[in-house]
Amino acid sequence: MSDTHLSEPLLQVKNVKQHFPVTAGLLRRQVGMVKAVDGVDFDLFPRENLGLVGESGCGKTTLGRTILHLYRPTEGQILFKNADLTLLKPSALRALRPKMQMIFQDPQDSLNPRMTVGSIIAEPLDEHSIIKDKERSNRIEELLDAVGLNPRYTNRYPHEFSGGQRQRIGIARALGLNPEFIICDEPIAALDVSIQAQVVNLLEDLQEKLGLTYLFISHDLGMIRHISKRVAVMYLGKIVELGPAHELYSRSQHPYTKALLSAVPLHDPGREAKRERIILSGDVPSPANPPTGCPFRTRCPVAETRCATSMPEPKNLGLGHWVACHLME
């Protein structure tokens, strides 16, 4: 699923699959496969913020980690600045890592409680031997200031900070190596509602100042609407709809996207009271035993016979709006 754009893509994801073996018995023989990501395609352009949404367990985080090669993909290509990460030697991949970073979901788990804030932020600088001594200390203070924290906090420990402040420390660590591309893996999900807007505003400001490119993973469609210009909807390891945010929110075409949007509260009480919600039956199928044909067919209110026998191909509806649904054919 590509888009017409003036510049070259910074990131190209082509038919990426991430399958994990399921083993059983004393000899740990393989008895199955969990298809966490099962054939994903999209392009991401410089300075863009692409929102990736879907229910818990649909493969969003696994896709993010696979793109950064924290997991080696089972199949497919991941091109960053035209370099295929799946073919690079470890030394060449390590040289590219400073340009690709990740902000994790829970700052409580992603920050080492035994390390000071200064050591946490300095860790990537030390790992890649960028700077040392006084220059290193100045850089740490500069990063703390950039995320709205007091530069004097370098000798404090993570437990001395609130959840929002800990996430700012995680953001400062991600910025240390001057990245071009950052995967934000539900960076506000573990924070109080009152703090979420502050962190989102900080990420938007940093993107504007530093020219960053984001893949913003979230299950909150209401928030994604305000920060992402394009949105990709994921279900059971596949992207089922992708397009400009205004287009997707105003005239979504896939039954799953419609159901997700129907659950987003409206600010107008009158419209909210009259609106019909689409309630999906059943649970998300296991990625270890996905349905035949369209992955959404077991919960789809408008499924047809052909949905059980063949996988729908993504169809371009124009304006960069793609939908993988038989009803669009």
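Predicted model: local features only at pLDDT ≥ 70, side-chain atom pairs only at ≥ 80, totals over all residues.
**Entry 1: α6 against α7**

I started with helix α6, residues 163-175, and helix α7, residues 193-210. I get an angle of about 20 degrees between them, with the axes 10 Å apart. Under 35 degrees counts as roughly parallel, and α6 and α7 are therefore roughly parallel to each other. The crossing of α6 past α7 is right-handed.

Next I looked up who makes the contact. From α6 I noted Gly164, Gln167, Arg168, Ile171 and Leu175. From α7 come Ile195, Gln198, Val199, Leu202, Leu203, Leu206 and Leu210. Sorted by class, that contact has 8 nonpolar, 3 polar and 1 charged residues.

**Entry 2: α4 against α6**

Helix α6 has another partner on my list, helix α4, residues 117-127. Their axes come within 7 Å and cross at roughly 30 degrees. That makes this pair roughly parallel too, α4 to α6. I also wrote down a right-handed crossing for α4 past α6.

Which residues do the touching here? On α4 they are Val117, Ile120, Ile121 and Pro124, and on α6 they are Ile169, Ala172 and Arg173. The class tally for α4 with α6 is 6 nonpolar, no polar and 1 charged.

**Entry 3: helix α1**

I checked how enclosed helix α1, residues 60-67, is. Of its 8 residues, 6 are buried, so α1 is largely enclosed by the rest of the structure. My list of the buried ones reads Lys60, Thr62, Leu63, Gly64, Thr66 and Ile67.

**Entry 4: aromatic pairs**

I find 6 aromatic pairs in the structure. One of them is Phe80 with Phe181, at 6.3 Å centre to centre and 35 degrees between the planes, which is tilted. Phe80 sits in strand β4 (residues 75-80) and Phe181 in strand β7 (residues 181-185), so the pair ties together parts that are 101 residues apart in sequence. Buried or exposed, I asked of Phe80 and Phe181? Phe80 is buried, and Phe181 is buried as well.

Elsewhere, I noted one aromatic cluster made of Tyr235, Tyr256 and Phe296.

**Entry 5: Thr213**

Thr213 is in strand β8, residues 213-218. Its relative accessible area is 2%, so I put Thr213 down as buried.

**Entry 6: Pro301**

Last, Pro301, which I found in the loop between α11 (269-274) and β11 (315-316). At a relative accessible area of 58%, Pro301 is exposed. What does Pro301 touch, not counting residues up to four places away in sequence? I get Pro255, Leu280 and Phe296. That last one, Phe296, is also part of the aromatic cluster with Tyr235 and Tyr256. For a distance check I took Pro301 to Ala245: 56 residues apart in sequence, and 24 Å apart in space from C-alpha to C-alpha.

How values were computed. Residues numbered from 1 in each chain as written. Heavy atoms only, no water. Axes fitted to C-alpha atoms, helices over the stretch in contact; angles between N-to-C directions. Helix = DSSP H or I, 4+ residues; strand = E, 2+ residues; numbered from the N terminus. Parallel < 35°, antiparallel > 145°, perpendicular 65-115°, else oblique. Left-handed = near helix turned anticlockwise from the far one by under 90°. Contact = heavy atoms within 4.5 Å. Nonpolar A, V, L, I, M, F, W, Y, C, P; charged D, E, K, R; others polar. Phe/Tyr/Trp six-rings, centres within 6.5 Å; stacked < 30°, edge-to-face > 60°. Buried < 20%, exposed > 50% of the residue type's maximum accessible area, 1.4 Å probe, protein only.
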